[in-house]
Amino acid sequence: MGHNGAAITGCGAALPERRLTNRDLEKMVDTSDRWILERTGIRERRLLEEGLSTVDLSERAARDALDGAGIKPHELELILVATVTPDYPLPAAACCLQARLGAFRAAAMDVAAGCSGFIYALAVADQFIRSGAYRNVLVVGVEIPSRIVDWSDRSTCVLFGDGAGAVVMQPADGERGLVAFELGADGRGREHLYIPAGGTVLPTSAETVQRQLHYVKMNGTEIFRFAVRIVQETLERLLEKSHLDYGDLDHLFLHQANLRIIESIRKKLRLPREKVPVHVDRYGNMSAAAIPVALFEEKAAGRLKEGDLLAAVAFGAGLTWGGILMRW
Ligand code: UT7
């Protein structure tokens, strides 16, 4: 007999205070407020203060999520950190966070699935809880893209922002909790969004640094097309699995990469604006942090009601995609 699936019992988010506006970017690269706004919907993004790291921002989000769930760090059994921007290439950011929180009973690992990482990590947490192995799991989605983008490359540096979101997952009561998940990957698209150097193909050297190969490279047009297609396919599979319909959705949380992607999906599915939260205008693309920050903001605003059906779908580097359906 299986156990109950997992429900989110606490949420937290942390955004750096420093804002970088499109006007600020006009002074750094050959771009304009108008281009950025029209092509992406982004007005400003946050930048982590110098001297702070992934774990500093993660800790703030994690402590709020723990408080929300009413548990202490030492009660955690598993910490999953969805990120591609850990404090160090080795070890996992989750181990740095475990030490910072003093959560020494918890196993800790990172989930590196690009912008889909938080959704992947929710599905992993759900499986550990459903199997009965763990009851208290912390899932963090955090990204500090400002440390891996080339600030002289206008095609990427205007898009991203730093942020962290966290949730605590525990066995669900009654109808609440994760209803279904859908994960996928297509590694043939790995070079559409990647960092060429610093791995085993091109270990870091003076030459790789001089050639700027330690920065993010992206083929935006390919990812745009992929995103619009894969989000709809993922949602359809989730709803079909669960014998539900678009009309049953109370909230659709989409990865926040570009307002044009969000709007094109929203219009295709004929969903009203209030069901599809947007923060890309304020925070830019925060990769794995985008969905947990949106969850936190919707909950804080009182818009998530017990029993609401929500879907969350993300896509990103890998290429990867992932979606979940959850009863709040
Ligand atoms: O998180 C998951 C990963 N990322 C994504 O989901 C990103 C998905 N893709 C996108 O959001 C869009 O493709 C972008 C916003 C990245 C780009 O928008 P686009 O409408 O596809 O523009 P484009 O790349 O086709 O570029 C159009 C023009 C180019 O000039 P030419 O070749 O037409 O003369 C670019 O050089 O815009 C130019 N351009 C810029 N101009 C001003 C590119 N970046 C900028 C910029 N400011 N920052």
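Analyst: Happy to: let's look at Glu143, which is buried (under 20% relative accessible area, with a 1.4 Å probe and protein chains only) yet has no salt bridge, meaning a side-chain nitrogen of Lys or Arg within 4 Å of a carboxyl oxygen of Asp or Glu. The nearest side chain of opposite charge, Arg147, is 12 Å away; here Lys and Arg count as positive and Asp and Glu as negative, while His and the chain ends are not counted. This is a predicted model, in which local features need pLDDT of at least 70 and side-chain atom pairs count only at pLDDT 80 or more, whereas totals for chains, interfaces and linings use all residues. Residues are numbered from 1 along each chain as its sequence is written, and side-chain values use heavy atoms, with hydrogens and water left out.

Glu143 sits in strand S6 (residues 137-143); strands are DSSP runs of E, at least two residues long, numbered from the N terminus. What lies 2.7 Å from a polar atom of the Glu143 side chain? That is the backbone nitrogen of Val84.

Elsewhere in the model, helix H11 (residues 290-300; helices are DSSP runs of H or I, at least four residues) lies across S11 and S12. H11 runs at about 145° to S11, with axes fitted to C-alpha atoms, for helices over the stretch in contact, and angles from 0 to 180 degrees between N-to-C directions.

Methods. Contact = heavy atoms within 4.5 Å. Buried < 20%, exposed > 50% of the residue type's maximum accessible area, 1.4 Å probe, protein only. Polar contact = N/O pair within 3.5 Å; in protein donor to acceptor, adjacent residues only side chain to side chain.
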